[in-house]
Amino acid sequence: MTLNPANNKLYVGGGNGQVAILSGTTNKRVGSVAMQGSDPVTQILLNPGSGQVYVFTASSITLVDGITDAAMQRLTIPQITFAAAAYNPALNQLDITQV
């Protein structure tokens, strides 16, 4: 789960490959984004500079546009499981650890 303070939206991952988007103002669901496949969402990170949201499942990363809330790009890496990730704003990069 992550909050985008610029637009006050909360991105919440689900076990069915979906990300629910909630308004922090109204506390209501305002949208959703489907991930590739039905793997559970394991982690969600925000790039505060661009507003883009990175959504991780066991073997894929989906980049979500923080303005339109649409999936922009998907990266699937077969036979690799992501263990953890962090966004480094100083370098504008994702640091990813795999199992």
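These legends describe close-up views of one predicted model. Local features are given only at pLDDT of at least 70 and side-chain atom pairs only at pLDDT 80 or more, while totals for chains, interfaces and linings use all residues. Residues are numbered from 1 along each chain as its sequence is written, and side-chain values use heavy atoms, with hydrogens and water left out.

**View 1. The salt bridge of K9 and D69.**
A search of the whole structure finds one salt bridge (a side-chain nitrogen of Lys or Arg within 4 Å of a carboxyl oxygen of Asp or Glu). The closest N and O atoms of K9 and D69 are 2.6 Å apart. K9 lies in strand β2 (residues 9-13) and D69 in the loop between β7 (60-64) and β8 (71-76), so the pair ties together parts 60 residues apart in sequence. Strands are DSSP runs of E, at least two residues long, numbered from the N terminus. K9 is buried at 17% relative accessibility. D69 is buried too, with a relative accessible area of 13%. Buried means under 20% relative accessible area, exposed over 50%, and partly exposed in between (1.4 Å probe, protein chains only).

**View 2. The hairpin of β7 and β8.**
The two strands run antiparallel and are joined by five bridges. Strands pair if DSSP finds at least two bridges between them. T62 has R74 in β8 as its bridge partner. Six residues lie between the strands, and D69 takes a positive phi near 60° in this hairpin.

Most residues other than glycine have a negative phi. N8 is partly exposed, at 29% relative accessibility. The loop between β9 (82-88) and β10 (93-98) holds N92. N92 is exposed, at 52%.

**View 3. The largest nonpolar core, with eleven residues.**
A nonpolar core is a set of buried Ala, Val, Leu, Ile, Met, Phe, Trp, Tyr and Cys residues joined through side-chain atoms within 4.5 Å. Members here include Y11, V19, I21, M35 and V64. The elements β3 (18-23), β5 (43-46) and β6 (53-56) each give two or more residues to this core. Apart from it lies another core of eight residues, among them L45, Y54, F82 and A85.

**View 4. The contacts of V64.**
Contact means heavy atoms within 4.5 Å. Not counting residues up to four places away in sequence, V64 touches V33, Q52, V53, V55, D69, A70, A71 and M72.

Methods
Helix = DSSP H or I, 4+ residues; strand = E, 2+ residues; numbered from the N terminus.
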